[in-house]
Amino acid sequence: VKAVLGMSDEMAQTSARLDRVNAQYGTTVDLNQMIYQSAQASRGAYQETADLVAKIGTNASDAFSSPEEIVAFAEQLNKQYVLSGASAEDAAGATHQLTQALASGVLRGEELNSVMDQAPGITQAIADYLNVAKGEVRALAAEGKITSEVVKNAVFAAAGETNEAFEDMPVTWEQRWTMMGNSALQAIRPVLDGLGWMADNIEMIGPPLLGLGAAFGVFWIAANSATIAAGATTLLTTATNFLSIGFGVLTGNTAAASAAV
């Protein structure tokens, strides 16, 4: 129960952040469904992809023209991580650094190092887009020339090549389980949303639930009154006998104590 409630809280918070992304662009697109489809296509986890979309939409919205473009960018990142063989932890670290770079407007320093280590395909895409050697990217970054716009355009320019290389990668069991987890999460989403609604409206639904619980207790007692009465009688008789035993022992009346036993 605790795990399910935790999932409900996480889903509610993610939905709230995605709603803010929609609001920034003045749209009402179904980002949850778009992110799910993107995560499945790139063999990534839905929740991590949703977090990435929310962070980019919140911190670097100026670099993107629409929520759809952000989702497409996140899908390409997921595919780059698969191609590079980055672990989930390494991918999360590189994503954090890249998101910070997009928010600041330029990619350089520690952020560039993380991307070069965990997603070298992105570095190559930037070099190809700028028509320079891969070794020159670091120098251009130091000069502040690797802007958010350059990173975005480079990733999209390499999308065809990335998609082709990605399709040649075999699906691992870990990726398959991740995709199955995405599907399961979407299947129980109505339940999670319902639990979230209950949490938001507990002041309204709490008293009726308590009233129903009390009514159920009354009806249960009424339905089992005979059993309850018999049990109470047995308990009273047992307690009386124990008292008689103790009193008989204390007063030396062994006959009374024996009778009670």
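α3 and α4 pack with their axes 10 Å apart, at an angle of about 130°. Angles under 35 degrees count as roughly parallel, over 145 as roughly antiparallel and 65 to 115 as roughly perpendicular, so this pair falls in the remaining class. That makes α3 oblique to α4. The crossing of α3 past α4 is right-handed. The model is predicted.

## Who touches whom

Which residues of α3 meet α4? They are Thr49, Leu52, Val53, Ile56 and Gly57. On the α4 side, the partners are Ile70, Val71, Phe73, Ala74, Leu77 and Asn78. Sorted by class, this contact has eight nonpolar and three polar residues. It has no charged residues.

## The largest pocket

The largest pocket has a volume of about 670 Å³. Its lining counts 27 residues. Nearest the centre of the pocket lie Gly44, Glu48, Ser87, Ala88 and Ala91.

What classes of residue make up the lining of the largest pocket? There are 10 nonpolar, 12 polar and five charged residues.

## Helices around the pocket

α3 (46–59) and α4 (67–84) each supply at least two residues of the lining of the largest pocket. α5 (88–104) and α11 (173–187) each supply at least two residues as well.

Which helix gives the largest share of this lining? That is α5, with six residues.

Conventions. Residues numbered from 1 in each chain as written. Predicted model: local features only at pLDDT ≥ 70, side-chain atom pairs only at ≥ 80, totals over all residues. Heavy atoms only, no water. 1 Å grid on protein atoms, 1.4 Å probe; cavity = no way out; pocket = protein on both sides within 12 Å on 5 of 7 lines; lining within 4 Å. Points joined across faces, edges and corners; volume = space filled by probe spheres on them. Helix = DSSP H or I, 4+ residues; strand = E, 2+ residues; numbered from the N terminus. Nonpolar A, V, L, I, M, F, W, Y, C, P; charged D, E, K, R; others polar. Axes fitted to C-alpha atoms, helices over the stretch in contact; angles between N-to-C directions. Left-handed = near helix turned anticlockwise from the far one by under 90°. Contact = heavy atoms within 4.5 Å.
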